[in-house]
Amino acid sequence: MTSEPTSRPVVPPLHSPKSPVWPTFPFHREGSRVWERGGVPSRDLPSPLPTKRTRTYSATARASAGPVFKGVCKQFSRSQGHGFITPENGSEDIFVHVSDIEGEYVPVEGDEVTYKMCPIPPKNQKFQAVEVVLTQLAPHTPHETWSGQVVGS
């Protein structure tokens, strides 16, 4: 049994960079104004709307402690991730984000829902629906689950 030396690939030695290396993140801080300099594509702009993930603990606690409202789904776009609810009392339509919908079905026009309300920063003049629960599915309308299965017709 003869042993032949195996050749190793030549690897160049490592050199320190001349300028410091900073970690890059997929999203820049909102206050950095990077997008004004053209450094970030428009699809990476941070959303001004608070989602369940970005809402502060105090805003979540206030919304959870608030009253429950009833309404009807006016429109919801799964691809865009948001929609609107028409309140039962007939006031202005309320924005709803996909992260605030609880349950297994994607809302469609005519679904009855219950929800709580949370103000939208920075001025807190408008509201968005949170803790949205579908209470009555619209009759004779196909519904889709979040996994993509179509139910009913």
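Let's start at T114, which touches V68, F69, K70, E131, V132, V133 and T135, leaving aside residues up to four places away in sequence; a contact here means heavy atoms within 4.5 Å. What you're looking at is a predicted model, where local features need pLDDT of at least 70 and side-chain atom pairs count only at pLDDT 80 or more, while totals for chains, interfaces and linings use all residues. Residues are numbered from 1 along each chain as its sequence is written, and side-chain values use heavy atoms, with hydrogens and water left out.

T114 sits in strand β5, residues 112-120. (Strands are DSSP runs of E with at least two residues, numbered from the N terminus.) T114 counts as buried because its relative accessibility is 17%; buried means under 20% relative accessible area, exposed means over 50%, and partly exposed is in between, using a 1.4 Å probe and protein chains only.

Strand β5 turns up again in the second largest pocket, where it gives the largest share of the lining, three residues. The volume of this pocket is about 380 Å³. Of its 20 lining residues, E92, D93, I94, K126 and F127 are the closest to the centre. A pocket, on a 1 Å grid over the protein atoms alone, is an open set of points where a 1.4 Å probe fits, with protein on both sides within 12 Å along at least five of seven lines, and lining residues have an atom within 4 Å of a point. At least two lining residues come from each of β2 (82-87), β3 (94-97), β5 and β6 (126-136).

Now for the rings. The whole structure holds three aromatic pairs, meaning Phe, Tyr or Trp rings (the six-membered one for Trp) with centres within 6.5 Å; planes over 60 degrees apart make a pair edge-to-face. One of them is F76 with W146, edge-to-face at 6.4 Å centre to centre and 85° between the planes. This pair joins distant parts of the chain, 70 residues apart: F76 is in strand β1 (residues 69-77), and W146 is in the loop between β7 (143-144) and β8 (150-151). F76 is buried because its relative accessibility is 14%, whereas W146, at 26%, is partly exposed.

Another pair is F84 with F95, whose ring centres are 6.0 Å apart and whose planes meet at 75°, so this pair is edge-to-face. Here F84 in strand β2 is linked to F95 in strand β3, eleven residues apart. F84 is partly exposed at 31% relative accessibility, while F95 is buried at 11%.

Key
Helices (H or I, at least four residues) and strands (E, at least two) are DSSP runs, numbered from the N terminus. Grid points are joined across faces, edges and corners, and a volume is the space filled by probe spheres set on the points. Rings of Phe, Tyr and Trp (its six-membered ring) pair if their centres lie within 6.5 Å; planes under 30 degrees apart count as stacked, over 60 as edge-to-face and the rest as tilted.
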